[in-house]
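This report walks through one protein model for a reader who is new to structures. Please keep the sequence and the picture at hand while you read.

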Amino acid sequence: MEPLTVGRVIGEVVDIFTPSVKLNVVYNPNKQVANGHELMPSVIAAKPRVDIGGDDMRTAYTLVS
């Protein structure tokens with residue numbers, strides 16, 4: 001099942017939709033963002049690395065946070 005649905009983000013926070021690409025957010029040192037996990041301020045002090053899937057680099061996406 002989709003993690004955003006399990007975490008009740010899709011359906012309660014935003015209208016129901018099906019994600020079209022994979023999104024991966026990682027803070028140093030290798031702290032991956034996941035539903036239900038709290039990140040301490042010391043971990044998120046630096047900018048994260050955000051990887052957005054998809055093959056066409058001309059495509060634009062809307063990030064919902």
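Arg49 is partly exposed, with a relative accessible area of 47%, where buried means under 20% relative accessible area, exposed over 50%, and partly exposed in between (1.4 Å probe, protein chains only). Asp51 is likewise partly exposed, at 34%. The side chains of these two residues, Arg49 and Asp51, meet in a salt bridge with an N to O distance of 3.4 Å, and the structure holds one salt bridge. The term stands for a side-chain nitrogen of Lys or Arg within 4 Å of a carboxyl oxygen of Asp or Glu. Side chains of opposite charge can pair when their charged atoms come close.

## How the model is read

This is a predicted model, in which local features need pLDDT of at least 70 and side-chain atom pairs count only at pLDDT 80 or more, while totals for chains, interfaces and linings use all residues. Residues are numbered from 1 along each chain as its sequence is written, and side-chain values use heavy atoms, with hydrogens and water left out.

## Overall layout

The secondary structure of the protein comes to one helix and three strands, and from the N terminus on, these elements run α-β-β-β. Helices (H or I, at least four residues) and strands (E, at least two) are DSSP runs, numbered from the N terminus. Of the 65 residues in the protein, 9% are buried. The protein exposes about 5,800 Å², of which carbon and sulfur atoms supply 54%; accessible areas come from the Shrake-Rupley method with a 1.4 Å probe, and for residues only the protein chains shown count as cover.

## The sheet

In what order do the three strands form the open sheet? The order is S2-S1-S3, and the pairing is antiparallel. Strand S2 (31-32) and strand S3 (49-52) stand at the edges with a single partner strand each, so one side of each is left without a neighbour in the sheet. Two strands pair if DSSP finds at least two bridges between them; strand S1 (residues 23-27) pairs with S2 over two bridges, and S1 pairs with S3 over four bridges. Val26 stands opposite Gln32 in S2, and Val26 also stands opposite Arg49 in S3.

Four of the five residues of S1 are buried, so this strand is largely enclosed by the rest of the structure. Asn24 is found in strand S1, and leaving aside neighbours within four places in sequence, Asn24 is in contact (heavy atoms within 4.5 Å) with Gln32, Arg49, Val50 and Asp51. A polar contact of 2.6 Å joins the side chains of Asn24 and Gln32, the term meaning a pair of N or O atoms within 3.5 Å, where within protein one must be able to donate a hydrogen and the other to accept it, and residues adjacent in sequence count only if both atoms are side-chain atoms.

## The surface and the loop

Leu23, Val50, Ile52 and Tyr61 form a nonpolar patch on the surface, with about 320 Å² of accessible area together. Patches are made of residues with over 30% relative accessible area and no salt bridge, like charges being joined within 9 Å and nonpolar side chains (Val, Leu, Ile, Met, Phe, Trp, Tyr) within 5 Å. Tyr61 is found in the segment after S3 and counts as partly exposed at 34% relative accessibility.

Phe17 lies in the loop between helix H1 (3-6) and S1, and Phe17 is partly exposed, with a relative accessible area of 38%. Phe17 and Thr5 are 12 residues apart in sequence and 9.4 Å apart in space, C-alpha to C-alpha.
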